[in-house]
Amino acid sequence: MAAANGIGRAVLPWALTLLWIGAIVFALLLFVGAPFGEAISGFLQGAFGGRRHAYLMATLSRSALIVGMAVSVMLSFRAGLFNIGGEGQLVAGGLAAALAAILLPGPPLLVLVAAIFAAMLAGAAWALLAGVLQLYMGVPLLVGSLLLNYPIRYIASYMVAHPFRDVPSGMVQSHLVPQGTWLASFPGTRLDVGILFTLAATAFALVYSYSTVHGYHTRLNGLSKEFARTVGLPVRKLTLQTLAISGAIAGLVGAIAVFGIHHRYIDGMLVQPLYAWTGIIAVLLVGMVPWAVPLSGFFFAAVQTGAAGMERTAGVPKEIALVIQAVIILFVASRVSGALSSKDGGRGGDA
Amino acid sequence: MLDLLLDPSFAASVPRFVTPILLAALGGALCERAGVFNIALEGFLLTGAFAAVLGAYFSGSPYLGALAAMAAGMALGLVFAEFNLRRGGDSIVVSIAINLLAAGLTTFLLRAIFDVTGAFSDPAIAGFGTVRLPFIEAVPGLGPILSGQSVLFYISVACVPLLHLFLARHRLGLRIRAAGENAEALRAGGVNPRGVQLLALVACGALCGLGGAQLSIANVNLFVENMSAGRGWIAVVAVLLTGGRPWPLFFIALLFGAVDSLSFRVQGLGLAQQFTDMMPYLATLIVLVTLSWWRAKRAKGDAS
């Protein structure tokens with residue numbers, strides 16, 4: 001076979017994939033009778049435009065949360081741990097951050113630091129719970145971590161509906177956190193500095209994945225549990241440590257949402273936008289390659305804010321974003337899924 | 001608490017909650033036995049619930065609504081098969097994508113077709129009535145439970161022995177089990193395991209679709225965004241716990257459905273709704289822990 005033939009064979013499937021995705025989006029637009037040109041320009045405007053790039057800032061703000069969640073699950077997935085409970089860890093973090101900031105006395109900066117710490121602790125604890133369920137009680141991580149999403153969602157909902165509710169506001173939400181703890185915005189924009197925390201977490205995850213012994217060991221565990229066990233790696237300890245790191249990052253993302261965006265905990269604010277699930281598919285899109293994860297997280301954030309733009313200009317329901325994301329994952333994941341192995345059906349064995 | 005459990009209206013409400021979990025779990029069992037790791041039951045259920053409302057609204061018949069739900073579930077089964085079996089995508093990835101697709105497509109279509117967000121209810125949605133069984137309803141105790149349910153409940157219960165016999169005796173049932181246990185042997189016998197797995201996925205879609213119809217046009221007469229609310233995941237757990245064997249599955253679904261129903265009932269007792277809402281998930285975790293503890297103990301007993 002000629003080399004040119006080989007290149008053709010590599011490019012053609014991707015071209016077909018793009019064509020399919022484009023055709024499906026086109027069909028959806030046709031279905032709602034949206035003007036095609038306006039939809040496209042609305043999408044681009046909504047994702048990257050706006051006066052003084054206001055919408056681009058919104059995209060960046062959203063990607064701060066999505067990339068953070070993506071980095072969190074990436075560390076678990078690379079270690080072969082099907083932790084799909086990021087949502088619960090995120091909620092635990094957001095709730096802990098808001099409650100700590102409301103309850104703790106002291107200078108705002110100190111309160112902020114303590115609250116972020118509390119958020120990371122809460123996220124890590126919630127992830128560890130799933131790990132303990134798998135290691136010591138035989139509950140597969142895949143279902144254990146997922147089922148744990150629901151209790152914490154309702155616990156958080158209860159906390160802001162009853163004991164810590166801001167009753168006069170009439171909404172199911174906590175009181176505002178002290179104004180001194182609010183994250184500042186970049187000068188001249190409405191983008192808060194929360195994204196810097198995500199960048200720090202991403203930098204940590206990249207260094208951890210690419211150049212630490214610990215990260216290397218967890219990767220071995222992800223590639224072959226038998227091998228990791230045979231060469232004497234402390235598999236249980238690695239599992240729990242990895243989950244704790246994942247959970248802590250998810251908790252941090254919850255804190256960013258509280259201090260940077262909402263300034264309180266609102267019921268459903270971390271669940272409804274599907275940040276955790278978007279983070280998961282952002283990791284799957286690029287086959288868990290660490291350096292590409294922030295890019296794909298930004299991409300999905302842009303799909304979501306772009307869809308909101310399409311709704312404004314062309315009346316396309318913005319939920320189209322979810323459909324587009326799912327379709328992309330379906331088509332692309334089957335091309336890169338070699339990177340992810342669920343041969344044991346994600347049951348995780350007894351590792 | 002005991003009063004509540006003995007309350008006949010509690011018992012009579014259990015089947016309403018059992019049906020969707022049982023139907024989804026039976027579908028999942030087919031996939032499990034065929035060797036397809038399908039954890040997209042949540043998305044299948046949600047799609048079924050939406051399609052049922054769509055069909056019942058436009059046709060005016062709950063039966064056509066249920067058929068639409070089955071068709072939508074089967075279509076989703078085909079999508080799963082295309083990306084998992086034919087294109088070789090990882091089953092967990094495909095499942096996650098299908099769950100998101102279902103959540104996205106149902107809310108998208110809800111707005112595109114009915115121009116509402118959140119929930120759609122309309123008197124034109126034809127719901128299933130209840131079926132009264134003339135002699136059985138007079139039986140004390142069991143009568144009110146077994147009689148006066150939707151037709152989907154009776155179908156779901158009938159499916160348990162049928163699926164059991166099908167897997168144990170029928171040629172296709174044997175092939176499904178062979179696809180799951182030893183695909184090479186099946187291929188050697190001249191049968192393509194993927195074709196068998198495709199059938200299992202499509203049948204799973206049909207069963208989950210019916211389960212969704214129970215949620216939207218039998219229990220209530222409306223569609224609410226994300227109304228499957230984790231029941232598909234509970235069905236996944238039921239399948240994992242039982243290895244996809246129909247009879248054990250039936251009892252697990254009965255248990256989960258009873259807890260679901262109980263959590264609905266205790267809301268009247270002054271317990272905050274958030275705590276009753278989390279009961280099904282906690283119960284599922286408790287059952288998971290208990291069963292694996294019991295299995296570990298039994299394995300130890302066998303070894304000694």
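# A walk through chains A and B

Start with chain A: read along the sequence, its pattern is α-α-α-α-α-α-α-α-α-α-α-α-α-α, which comes to 14 helices and 0 strands. Helices here are DSSP runs of H or I with at least four residues, strands are runs of E with at least two, and both are numbered from the N terminus. What you have open is a predicted model, in which local features need pLDDT of at least 70, side-chain atom pairs count only at pLDDT 80 or more, and totals for chains, interfaces and linings use all residues. Residues are numbered from 1 along each chain as its sequence is written, while chains are lettered from A and ligands numbered from 1 in the order in which they are written.

**Stop 1: all of chain A**

The C-alpha trace spans about 70 × 60 × 35 Å along its principal axes. A compact globule of 351 residues would have a radius of gyration near 20 Å, and chain A agrees, with 21 Å. (That radius is taken over C-alpha atoms, and the globule rule is 2.2 Å times the number of residues to the power 0.38.)

**Stop 2: α5 of chain A**

Now pick residues 108–137 of chain A, which form helix α5. At 1.5 Å a residue, its 30 residues should span 44 Å, and the end C-alpha atoms agree at 42 Å apart; the expected span is 1.5 Å times one less than the number of residues. Step past the end of α5(A) to G138(A), where phi is positive, near 70 degrees.

**Stop 3: α2 against α13 in chain A**

Select residues 36–48 and 293–314 of chain A, helices α2 and α13, whose axes come within 6 Å and cross at roughly 130 degrees. So α2(A) is oblique to α13(A). Axes are lines fitted to C-alpha atoms, for helices over the stretch in contact, with angles from 0 to 180 degrees between N-to-C directions. Under 35 degrees counts as roughly parallel, over 145 as roughly antiparallel, 65 to 115 as roughly perpendicular and the rest as oblique.

Show side chains here. Among the α2(A) residues that meet α13(A) are F43(A) and L44(A), and the α13(A) side includes M310(A) and R312(A). Contact means C-beta atoms, placed from the backbone, within 7 Å. This contact divides into 9 nonpolar, 8 polar and 2 charged residues. (Nonpolar is Ala, Val, Leu, Ile, Met, Phe, Trp, Tyr, Cys and Pro; charged is Asp, Glu, Lys and Arg; the others, Gly among them, are polar.)

**Stop 4: over to chain B**

Switch to chain B, with 14 helices and 2 strands. Its C-alpha trace spans about 55 × 55 × 40 Å along the principal axes. For 304 residues, a compact globule would have a radius of gyration near 19 Å; chain B has 20 Å, which agrees.

**Stop 5: α2 against α12 in chain B**

Pick residues 8–34 and 246–265 of chain B: the axes of α2 and α12 come within 7 Å and cross at roughly 135 degrees. That makes α2(B) oblique to α12(B), and the crossing is right-handed. Look for F10(B) and F17(B) among the α2(B) contacts, with F250(B) and F256(B) among those of α12(B). The contact divides into 17 nonpolar, 3 polar and 3 charged residues.

**Stop 6: α3 against α5 in chain B**

Next, select residues 41–59 of chain B, helix α3, together with α5(B); they pack at about 20 degrees with axes 7 Å apart. The two are therefore roughly parallel, in a left-handed crossing. F50(B) of α3(B) and L101(B) of α5(B) are among the residues in this contact, which divides into 7 nonpolar, 4 polar and 1 charged.

**Last stop: where the chains meet**

Show both chains. Their contact takes 40 residues from chain B and 39 from chain A. Which element gives the largest share of chain B's side? That is α5(B), with 15 residues. The chain B side divides into 27 nonpolar, 9 polar and 4 charged residues.

Methods. Contact = placed C-beta atoms within 7 Å. Left-handed = near helix turned anticlockwise from the far one by under 90°.
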